[in-house]
Amino acid sequence: MPRHRRTRRIGFDPGELCFKPCGRRGRQLETLTLRPDELEALRLMDLEGLYQEEAAERLGVSRTTLSRTLARARHTVVAALIGGRRLVLEPRSSSSAIDQDQE
């Protein structure tokens, strides 16, 4: 039986976003999905330049969980960019909470 997912603290809500290659219809493209916690891991580590310990604390997970989440997120983004796929940001769910201190 899988373990229960802990609630992730998300510092912002990107809304519904989709990225696709120019000049190609989205319906014809394979779709890859980026979860809110994966986007937040990318934001904290790559945009804000935080160290893993601080980013993990802000996300509300362990450092090893952050590392796995970040690797999955980077793989998804690179696969979309290199493979010409559509990248959809998954809407925030009940397993993630907006951290009001971050806004």
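1. The structure is a predicted model. Thr69 belongs to helix α3, which spans residues 63–83. Its relative accessibility is 2%, so Thr69 counts as buried. A polar atom of the Thr69 side chain lies 2.9 Å from the backbone oxygen of Thr65.

2. The largest nonpolar core comprises 20 residues, and the members that touch the most others are Leu34, Ala55, Leu59 and Leu66. At least two residues of this core come from each of β3 (31–34), α1 (36–47), α2 (52–59), α3 and β4 (86–89). Apart from neighbours within four places in sequence, Leu66 is in contact with Ala41, Met45, Gln52, Ala55, Ala56, Leu59 and Val61.

3. When neighbours within four places in sequence are set aside, the contacts of Glu40 are Arg9, Ile10, Gly11, Phe12 and Leu59. Leu59 is also one of the core residues that touch the most other members.

4. Helix α3 also contains Ile82. In this case the relative accessibility is 72%, so Ile82 counts as exposed. Together with Val78 and Leu81, Ile82 makes a nonpolar surface patch of about 360 Å².

5. Gly84 is placed in the loop between α3 and β4. With a relative accessible area of 17%, Gly84 is buried. Gly84 and Cys22 are 62 residues apart in sequence, yet their C-alpha atoms are 9.5 Å apart in space. Beyond its neighbours within four places in sequence, Gly84 is in contact with Pro21, Arg24, Leu29 and Ala79.

6. How many salt bridges does a search of the whole structure find? The search finds eight. One of them pairs Arg85 with Glu30, with the closest N and O atoms 3.1 Å apart. Because Arg85 lies in the loop between α3 and β4 and Glu30 in the loop between β2 (18–19) and β3, this pair ties together parts that are 55 residues apart in sequence. Both partners count as partly exposed, Arg85 at 27% relative accessibility and Glu30 at 47%.

7. Another salt bridge joins Arg58 and Glu48, whose closest N and O atoms are 3.2 Å apart. Arg58 is in helix α2 and Glu48 is in the loop between α1 and α2, so the pair links parts that are 10 residues apart in sequence. Arg58 is partly exposed at 21% relative accessibility, and Glu48 is partly exposed with a relative accessible area of 35%.

8. Salt bridges with shared partners also join Arg35, Asp37, Glu38 and Arg72 into one network. Within it, the side chains of Arg35 and Glu38 meet at 3.9 Å, N to O. Arg35 is partly exposed, with a relative accessible area of 22%, whereas Glu38 is buried at 3%.

How values were computed. Residues numbered from 1 in each chain as written. Predicted model: local features only at pLDDT ≥ 70, side-chain atom pairs only at ≥ 80, totals over all residues. Heavy atoms only, no water. Helix = DSSP H or I, 4+ residues; strand = E, 2+ residues; numbered from the N terminus. Buried < 20%, exposed > 50% of the residue type's maximum accessible area, 1.4 Å probe, protein only. Polar contact = N/O pair within 3.5 Å; in protein donor to acceptor, adjacent residues only side chain to side chain. Core = buried A, V, L, I, M, F, W, Y, C linked by side-chain atoms within 4.5 Å. Contact = heavy atoms within 4.5 Å. Patch = residues over 30% accessible without salt bridge, like charges linked within 9 Å, V, L, I, M, F, W, Y side chains within 5 Å. Areas by Shrake-Rupley, 256 points an atom, 1.4 Å probe, with all protein chains shown as cover. Salt bridge = Lys/Arg side-chain N within 4 Å of Asp/Glu carboxyl O.
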